[in-house]
Number of protein chains: 2
Amino acid sequence: MARKAETTKQRLTADRVLDGAMALADQIGIEAFTIRKLAEALETKPMSIYYHLASKEAIIDGMVDRVFAEIAKPPLDVAWDDAIRVRCDSALKALVRHPWAAPLMESRTNPGPETLSHHDAVLGCLAAAGFTTELTAHAYALIDSYVYGFALQLTNLPATGGVEMQELVEMMSVHLAPYPHLAGFTAAHVLQPGYDFAAEFGFGLNLILDGLSRASRS
Amino acid sequence: MARKAETTKQRLTADRVLDGAMALADQIGIEAFTIRKLAEALETKPMSIYYHLASKEAIIDGMVDRVFAEIAKPPLDVAWDDAIRVRCDSALKALVRHPWAAPLMESRTNPGPETLSHHDAVLGCLAAAGFTTELTAHAYALIDSYVYGFALQLTNLPATGGVEMQELVEMMSVHLAPYPHLAGFTAAHVLQPGYDFAAEFGFGLNLILDGLSRASRS
DNA sequence: GACTCTATTCGTACTATGTACGATTGTCAA
DNA sequence: TTGACAATCGTACATAGTACGAATAGAGTC
């Protein structure tokens, strides 16, 4: 009984709101994410949230900034391409952890401090590697397009592994009849038991980094 | 006066609904796109639309399928990499014509016939080039990640060209003070008068196609 | 022309959502 | 105790998607 009873509701803060928002979005997805549900998850009322964050948009901005905070910055003590690999692997993991994030990362204006700081670190890495400004622009566009695009495909894949796979195959064979290449491709590759789309990530990333390496040397 | 007065309202069809929906989304963006506004644009009432398309989701699915229909399939009579270039240039143009589309292209389930047919054509092109199934998977993931990612960045760029650029620069210099690389980069590159982000598209695409070419040879 | 029958259109109304506004409560300094 | 400010919340409104069923229209038959 020193200060407060233990059942006393914790004071709300912007941080706590964002914590709850991330957890909720992870569980139910960003479409189903509403202020009312968030309030319930936080054991408070909708309008209390608005004292700490100005709007739902602001909340989502904050969530995206949090995701950037979770992505490792490129380490400074290794070769530039390994540094970029580290940050891209970390980025992919964060985007898989928060499947709602991938579509939002590039389509949001209003970057937060973590977002800016992250970009700053990546640009610093490329600059330190001796990239020209022009090549840096190319490189960053290329790298992030790939990372976000890959994450997007990964999070939208039809239920990997499990009993439903069989049904899926049957539905496919009916609907895909008019599309021979597509049918053949999915049958031969995507639907194979051992298929692990995430493992493919490295191939494309290596290809891009090799290409950039070549471009920076010439 | 032959059959009908000329002011008679045209009969609604799914196609006409989608025509109107695309045009409306082009004008006001996908966030502001509502069934009520669509009905107004079509000179009809909200509930009339639902006779032809089952839901707003179905409408958006249809719109996305339309965008795929606008993208040129890789021509069969040129080298595979040139064929892919043709289709990627066409895709970028379509995504710029319909700025709302880029975030949706990869994040939609329920592909329509045009979508399937398009993918079939691309896979056919890569197969004809002698790509293994595995390399095809890599290639397609890589190529489309880049195209969509690039389009996304392009459509979200802060108002290219114009008077506001100056204000932007000033805001930047204040907010970006803690981020030296970012500040330097934007000042040196993005905000330069002649900067044309779209022109950068070819660089990354070439890099990817070169890499794939090398991978297919080894 | 009158009369169906079906395809299409639309009026009404319900539910869910973001959030404006102002009242209420909690906390601490004086 | 008494303000004063920080934080919470009740109520209510506007805007969304769309369920339901009534209204209408057009084409084909008699």
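This briefing walks through a predicted model of protein chains and DNA, topic by topic. Because the model is predicted, local features need pLDDT of at least 70 and side-chain atom pairs count only at pLDDT 80 or more, while totals for chains, interfaces and linings use all residues. Residues are numbered from 1 along each chain as its sequence is written, and chains are lettered from A and ligands numbered from 1 in the order in which they are written.

**Chain A as a whole**

- Chain A holds eleven helices and zero strands; helices (H or I, at least four residues) and strands (E, at least two) are DSSP runs, numbered from the N terminus.
- Of the 218 residues in chain A, 33% are buried, where buried means that 20 or more other C-beta atoms, placed from the backbone, lie within 10 Å of the residue's own.
- Take the contacts in chain A between residues at least 6 apart in sequence: 67% of them join residues at least 24 apart. Two residues are in contact if their C-beta atoms, placed from the backbone, lie within 7 Å.

**Confidence**

- The average pLDDT of chain A is 89, and 90% of the residues score at least 70; pLDDT is the predictor's confidence in each residue, from 0 to 100.
- Residues 1-7 of chain A stay under 50 in pLDDT, and the model gives them zero contacts beyond four places in sequence.

**Where chains A and B meet**

- In this interface, 40 residues of chain A are in contact with 40 residues of chain B.
- Two or more residues each come from α7 (113-128), α8 (133-155), α10 (180-190) and α11 (201-217) of chain A.
- The largest share of this side of chain A, 14 residues, belongs to α8(A).
- By class, this side of chain A has 19 nonpolar, 16 polar and five charged residues. Ala, Val, Leu, Ile, Met, Phe, Trp, Tyr, Cys and Pro count as nonpolar, Asp, Glu, Lys and Arg as charged, and the others, Gly among them, as polar.

**Around DNA strand D**

- There are 16 residues around DNA strand D, and Leu12(A), Met47(A), Tyr51(A), Ile35(B) and Lys56(B) come nearest. A residue is near a strand if its C-beta atom, placed from the backbone, lies within 6 Å of it.
- Two or more residues each are given to this surface by α3 (46-52) of chain A, and by α2 (35-41), α3 (46-52) and α4 of chain B.
- This surface divides into seven nonpolar, four polar and five charged residues.

**A look at helix α4 of chain B**

- Helix α4(B), residues 56-70, has 15 residues.
- Buried residues of α4(B) include Ile59(B), Met63(B) and Phe68(B).
- The buried residues of α4(B) pack against α1 (14-28), α5 (80-97), α6 (102-105) and α7 (113-128) of chain B.

Notes:
Expected span 1.5 Å × (residues − 1). Buried ≥ 20, exposed ≤ 12 C-beta atoms within 10 Å, placed from the backbone.
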